[in-house]
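Trainee: I am new to this structure and would like to go through it step by step. May I put some questions to you?

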Amino acid sequence: MNVIKTLLMLVAAWLSMAGASASTLAMQLQSPDYVLLMRHALAPGFGDPANFSVNDCSTQRNLNEVGRAQARSTGQWLREQGVRSARVYASPWCRCQDTARELGFGAHQVEAALASFFQDMQQAQATTLKLQQFIARQLPGKGEEALILVTHHVNIQDFVGENVGSGEMVLVKVDATGRAVSHQRLSLNPTR
């Protein structure tokens with residue numbers, strides 16, 4: 001319980017320092033030029049165990065209770081910023097799907113373009129291109145819904161050049177081809 005209290009205190013402290021105002025962030029996410037990339041919430045450890053299966057959560061590194069609370073707090077913070085409706089997509093990894101679920105914006109969809117390439121870094125360029133193409137396909141039909149993509153640190157780092165910690169988000173301005181033009185890092189929890 002002390003861990004959750006500490007997490008909530010960190011969130012409250014960060015909220016007082018947050019750079020984006022409520023109306024600015026919500027308005028950006030309602031426009032066709034912005035997407036929100038989020039690294040999955042806290043899942044203790046590094047990488048996945050040898051011989052893991054993406055189709056079997058018991059073989060993967062998963063969220064703990066702190067990670068679940070972190071994801072719920074992030075969803076609440078986004079709603080407090082004025083984000084009311086969102087299309088949420090997640091990597092096939094269980095920790096990303098659990099993060100997407102805990103955000104509380106309703107059902108999420110699994111998207112292969114958000115899959116980790118940590119086990120095979122040679123896939124970085126091809127995976128990032130797939131991500132750009134996926135974003136480009138989503139922009140025209142998203143309307144005023146926020147587009148939230150829950151993925152992994154390697155994906156975010158390759159897409160925008162930021163190495164983000166667990167549960168951190170990056171607000172990304174994109175062009176019509178889905179390529180990142182600029183970005184702003186948003187962090188509710190400084191833990192990596």
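Mentor: The discussion that follows concerns a predicted model, and it goes from the overall fold to single residues.

Trainee: How many helices and strands does the secondary structure of the protein come to?

Mentor: From the N terminus on, the elements run α-α-β-α-β-α-β-α-β-α-β-β. Counted by type, the secondary structure comes to six helices and six strands.

Trainee: What percentage of contacts between residues at least 6 apart in sequence join residues at least 24 apart?

Mentor: The protein has 192 residues, of which 51% are buried. Among contacts between residues at least 6 apart in sequence, the share that joins residues at least 24 apart is 67%.

Trainee: Which residues have the most contacts inside the largest nonpolar core?

Mentor: In soluble globular proteins, nonpolar side chains tend to be buried together. Here the largest nonpolar core has 21 residues. The elements that give two or more residues to this core are H2, E1, H3, E2, H4, E4 and E5. The residues with the most contacts inside the core are Leu29, Leu36, Leu78, Val88, Phe105, Ile148 and Val150.

Trainee: Which residues are among those of the other core?

Mentor: Another core lies apart from the largest one. This other core has 18 residues, among them Leu37, Leu149, Ile156 and Val172.

Trainee: Which residues does Leu36 touch, not counting residues up to four places away in sequence?

Mentor: Leu36 is one of the residues with the most contacts inside the largest nonpolar core. Beyond four places in sequence, Leu36 touches Leu29, Leu78, Leu147, Ile148, Leu149, Met169, Val170, Leu171 and Leu186.

Trainee: Why is helix H6 described as largely enclosed by the rest of the structure?

Mentor: The buried residues of H6 are His153, Val154, Asn155, Ile156, Phe159 and Val160. What covers them includes E1, H5, E4, E5 and E6. Helix H6 is largely enclosed because the number of its eight residues that are buried is six.

Trainee: Which residue follows H6, and what is its phi?

Mentor: H6 spans residues 153–160. The residue that follows H6 has a positive phi, near 85 degrees, and is Gly161.

Trainee: Which residues are the closest to the centre of the largest pocket?

Mentor: About 260 Å³ of space lies in the largest pocket. Its lining divides into seven nonpolar, ten polar and five charged residues. Of the 22 residues that line the pocket, the closest to its centre are Arg39, Phe46, Gly47, Arg61 and His153.

Trainee: How far away is the cysteine sulfur nearest to that of Cys96?

Mentor: Cys96 has a relative accessibility of 0% and therefore counts as buried. A search of the whole structure finds zero disulfides, and a pair of sulfur atoms would have to lie within 2.5 Å to form one. For Cys96 the nearest cysteine sulfur is that of Cys94, at a distance of 9.3 Å.

Trainee: Is Gln30 buried, partly exposed or exposed?

Mentor: Gln30 has its place in helix H2, residues 22–30. Leaving aside neighbours within four places in sequence, Gln30 is in contact with Lys142, Gly143 and Glu144. Buried means under 20% relative accessible area and exposed means over 50%. With a relative accessible area of 33%, Gln30 is therefore partly exposed.

Trainee: What distance separates the C-alpha atoms of Ala86 and Glu145?

Mentor: Ala86 lies in strand E2 and, at 10% relative accessibility, counts as buried. Ala86 touches Phe105, Glu145, Ala146 and Ile148, not counting residues up to four places away in sequence. Although Ala86 and Glu145 are 59 residues apart along the chain, the separation of their C-alpha atoms is 4.8 Å.

Trainee: What distance separates the C-alpha atoms of Thr99 and Val150?

Mentor: Thr99, in helix H4, is buried, with a relative accessible area of 0%. Its contacts beyond four places in sequence are with Met38, His40, Ala41, Leu63, Ala71 and Val150. Thr99 and Val150 are 51 residues apart along the chain, and their C-alpha atoms are separated by 7.3 Å.

Methods: Residues numbered from 1 in each chain as written. Predicted model: local features only at pLDDT ≥ 70, side-chain atom pairs only at ≥ 80, totals over all residues. Heavy atoms only, no water. Helix = DSSP H or I, 4+ residues; strand = E, 2+ residues; numbered from the N terminus. Buried < 20%, exposed > 50% of the residue type's maximum accessible area, 1.4 Å probe, protein only. Contact = heavy atoms within 4.5 Å. 1 Å grid on protein atoms, 1.4 Å probe; cavity = no way out; pocket = protein on both sides within 12 Å on 5 of 7 lines; lining within 4 Å. Points joined across faces, edges and corners; volume = space filled by probe spheres on them. Nonpolar A, V, L, I, M, F, W, Y, C, P; charged D, E, K, R; others polar. Core = buried A, V, L, I, M, F, W, Y, C linked by side-chain atoms within 4.5 Å.
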